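Welcome! Here is a short briefing to read beside the sequence and the 3D view.

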Amino acid sequence: VFDPEGVGDILSGVTAGLGDVGFGFELADGMAWTERFVELTPISLNGDRRPVSASPVDRFDESGKMFVAHPEVSAVDLVRLVEPLVPAEVNVTTSGVPFIELTPPGADKGSAVARFAATVGIDAGQVIAFGDNQNDLTLLDWAGHGVAMGNALEMVKAVADEVTVSNLQFGVAQVINRILGVDEST
């Protein structure tokens, strides 16, 4: 989770640098959204209307992820604008939604899978990982074999060891079948 004082500093820095932004927070007991975030992204990923948090978003003691939305800047461009406004160790990324995600150090896909692999005795060289968006970069970089989907961002394809066909064309299944020696014609 973020250091509570660090969250306040991030909010101040991003607001000072970009002005009209909305914030969301993933907390230990649920999600919290500022009114501006809800105005900018009113529908949640599951299709429900996003509620404005009942109380002001002022408890940052267990914030594991922050979200930033801007009314005019795309998520990919917003990443580039926010990165210099937050501490260098904060992960700033996007996953293909109209806002960006900020996570504390060690709370990215690559770090998480590396920690899990270490607990079960798996080396990075034994891992194949798939990804299509910016939030997958650390995972593809860490894994022994990183595979970008055909529909992936160019920056994801650039770090991958291999590019498969799109997710709509069952790119993951095609790579797994090839590795396992499964004849797809049968």
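At 2% relative accessibility, Thr-94 counts as buried (buried means under 20% relative accessible area, exposed over 50%, partly exposed in between, with a 1.4 Å probe and protein chains only). This is a predicted model, where local features need pLDDT of at least 70 and side-chain atom pairs count only at pLDDT 80 or more, while totals for chains, interfaces and linings use all residues. Residues are numbered from 1 along each chain as its sequence is written, and side-chain values use heavy atoms, leaving out hydrogens and water.

**Around Thr-94**
- Thr-94 sits in the loop between β4 (91–93) and β5 (100–103); strands (E, at least two residues) and helices (H or I, at least four) are DSSP runs, numbered from the N terminus.
- The side chain of Thr-94 reaches the backbone oxygen of Phe-99 at 3.5 Å.
- Beyond its neighbours within four places in sequence, Thr-94 is in contact (heavy atoms within 4.5 Å) with residues including Ala-75, Val-79 and Asn-133.

**Around Met-66**
- Met-66 belongs to strand β3 (residues 63–69).
- With a relative accessible area of 0%, Met-66 is buried.
- Not counting residues up to four places away in sequence, Met-66 touches several others, among them Phe-2, Phe-23 and Leu-102.
- From Met-66 to Gly-47 is 19 residues in sequence and 20 Å in space, C-alpha to C-alpha.

**Around Ile-176**
- Ile-176 lies in helix α7, which spans residues 171–180.
- Ile-176 counts as partly exposed, at 36% relative accessibility.

Definitions and conventions: A polar contact is a pair of N or O atoms within 3.5 Å; within protein, one must be able to donate a hydrogen and the other to accept it, and residues adjacent in sequence count only if both atoms are side-chain atoms.
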